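User: Hi! I have a new structure open and would like a friendly walk through it. Could you help me get my bearings?

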Amino acid sequence: MSYDDTGVRCTMLRGGTSRGLFFEAGDLPADPAERDDLLLRLMGTPDPRQIDGLGGATTLTSKVAVLSRSEHPDVDVDYLFLQLGVDEATVSDRQNCGNILAGVGPFAVERGLVPAGDGETSVRIRMVNSDSVAVATFPTPGGRVEYHGDVEIAGVPGTAAPVVLAFTDTEGSATGALLPTGHVRDTVEGIEVTCVDNGMPVVLALAGSFGLTGHESHEELAADAALLSRVDAFRRKAAELMGMGDVSTASVPKTVLLAAPRDGGQVCTRSFIPVQPHTSIGVLGAVSVVTGMLLPGAVGHELTADWPAGTSQVDVEHPTGHLLVDVVVDAEATPPRAVRSGVVRTARKLFDGTAFPR
């Protein structure tokens, strides 16, 4: 009996500003190639509309989380993130996803992988992609996951219960170092950049370096074909400096353009994932952005001059709102190191049942 006939048990959750399919590892083929083929057929890839699958025709809705009980000490579950293409049949495990991570704890409790606490549950999650650990804490009144609440996050309508994510050991998630090039500042195609990896490898540049204000709408950026082509060539060159090799088919590194805030935040961002503009900004992308900016000499560090002292929380503006992250960096260490990082997200279960591949 094939998966075509039986289907596969699947839960769809919105995590942060992304949406994904969540599976237990034992429900999928053990062979990675067979697994990826099944996931592509379930998602409806390749097809720009994904009309014959469960994808939403964007990279933000073509994501997969694969969970299993962890054999590692002091960890509850292992979480493998897979980014699926939309119009191209690609499956990448070269990055984490902090948005989909928001759904991992609730899913683990829903499936009985982790027992629920009475009132609140914390789930220790090993992010397999980077072999780093995150702790998700969320309400479980009466031993059941509570998705309803009054927390609002930009890019998601309505409100939901909070999922507090705390990260550890995220330095060098994909590159092996917080500063993959070994420098705080480099030059790529004549543009000053800072390459940083604190959970997500990103390339920071000032929006003005690309002839932009940094306040352009998502639609304006998406319609600028010349800009998108330039961003793609730029990030490929940066990836070589970062030791990532040929990333022509990879979803990382991300490019993030920085500008002065204009909506009460502390920095305005426009990010690309990896070529198309993001409607907001990824959780770990924002963490890496702030981490880089906090380093003296880094691109964008000058924008931190007016940031309030005595707080580690930074309000990051993006095209559809704000993202509040908590980042502490020891810039005096050699090399600099990330002390801690965290963020508040929300999640919601959309369906649980049997999904059938095309």
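This is a predicted model: local features need pLDDT of at least 70, side-chain atom pairs count only at pLDDT 80 or more; totals for chains, interfaces and linings use all residues.

User: Let's start with Arg94. Leaving aside its neighbours within four places in sequence, which residues is Arg94 in contact with?

Analyst: Arg94 is in contact with Asn129, Ala174, Met244, Asp246, Val247, Ala250 and Val252, once neighbours within four places in sequence are left aside. Contact here means heavy atoms within 4.5 Å. Residues are numbered from 1 along each chain as its sequence is written, and side-chain values use heavy atoms, with hydrogens and water left out.

User: Thanks! Where is Arg94 found?

Analyst: Look in the loop between β5 (91–92) and α3 (98–101). Helices (H or I, at least four residues) and strands (E, at least two) are DSSP runs, numbered from the N terminus.

User: And does Arg94 count as buried, partly exposed or exposed?

Analyst: Arg94 counts as partly exposed, because its relative accessibility is 32%. Buried means under 20% relative accessible area, exposed means over 50%, and partly exposed is in between, with a 1.4 Å probe and protein chains only.

User: What about Asn99, where does it lie?

Analyst: Asn99 is part of helix α3. Its relative accessible area is 2%, so Asn99 is buried. Leaving aside neighbours within four places in sequence, its contacts are Gly15, Gly16, Thr17, Ser18, Ile281, Gly282, Val283 and Arg345. Ala333 is 234 residues away from Asn99 along the chain, and their C-alpha atoms are separated by 30 Å.

User: I see Val283 in that list. Which residues of α7 are buried?

Analyst: They are Val283, Leu284, Gly285, Ala286, Val287, Ser288, Val289, Val290, Thr291, Gly292 and Met293. That is 11 of the 11 residues of helix α7 (residues 283–293), so this helix is largely enclosed by the rest of the structure.

User: Let me zoom out. How many helices and strands does the protein have?

Analyst: The secondary structure comes to 7 helices and 16 strands. The radius of gyration is 20 Å, close to the 21 Å that the globule rule gives for 358 residues, so the protein is as compact as a globular protein of that length. That radius is taken over C-alpha atoms, and the globule rule is 2.2 Å times the number of residues to the power 0.38. Along its principal axes, the C-alpha trace spans about 55 × 45 × 35 Å.

User: What share of the residues is buried?

Analyst: Buried residues make up 55% of the 358 residues. As for contacts between residues at least 6 apart in sequence, 64% of them join residues at least 24 apart.

User: How is the protein divided into domains?

Analyst: There is domain 1 (8–169 + 346–355) and domain 2 (186–334). The contact between them takes 14 residues from domain 1 and 22 residues from domain 2. Their centres, taken over C-alpha atoms, are separated by 25 Å. The domain bounds come from an automatic or database domain assignment.

User: New topic: what about the backbone? Which peptide bond to Pro46 is cis?

Analyst: It is the bond from Thr45 to Pro46, with omega near 5°. Pro46 lies in the loop between α2 (32–43) and β3 (63–69). The peptide bond from Ile273 to Pro274 is also cis, with omega near -15°, and Pro274 sits in the loop between β13 (267–272) and α7.

User: Why point those out?

Analyst: Most residues other than glycine have a negative phi, and most peptide bonds are trans. Gln50 is not a glycine, yet it has a positive phi of about 50°. Ala57 also has a positive phi, near 70°.

User: Where are those two, and are they buried or partly exposed?

Analyst: Gln50 is in the loop between α2 and β3, and Ala57 is placed in the loop between α2 and β3 as well. Gln50 counts as buried at 1% relative accessibility, whereas Ala57 counts as partly exposed at 33%.
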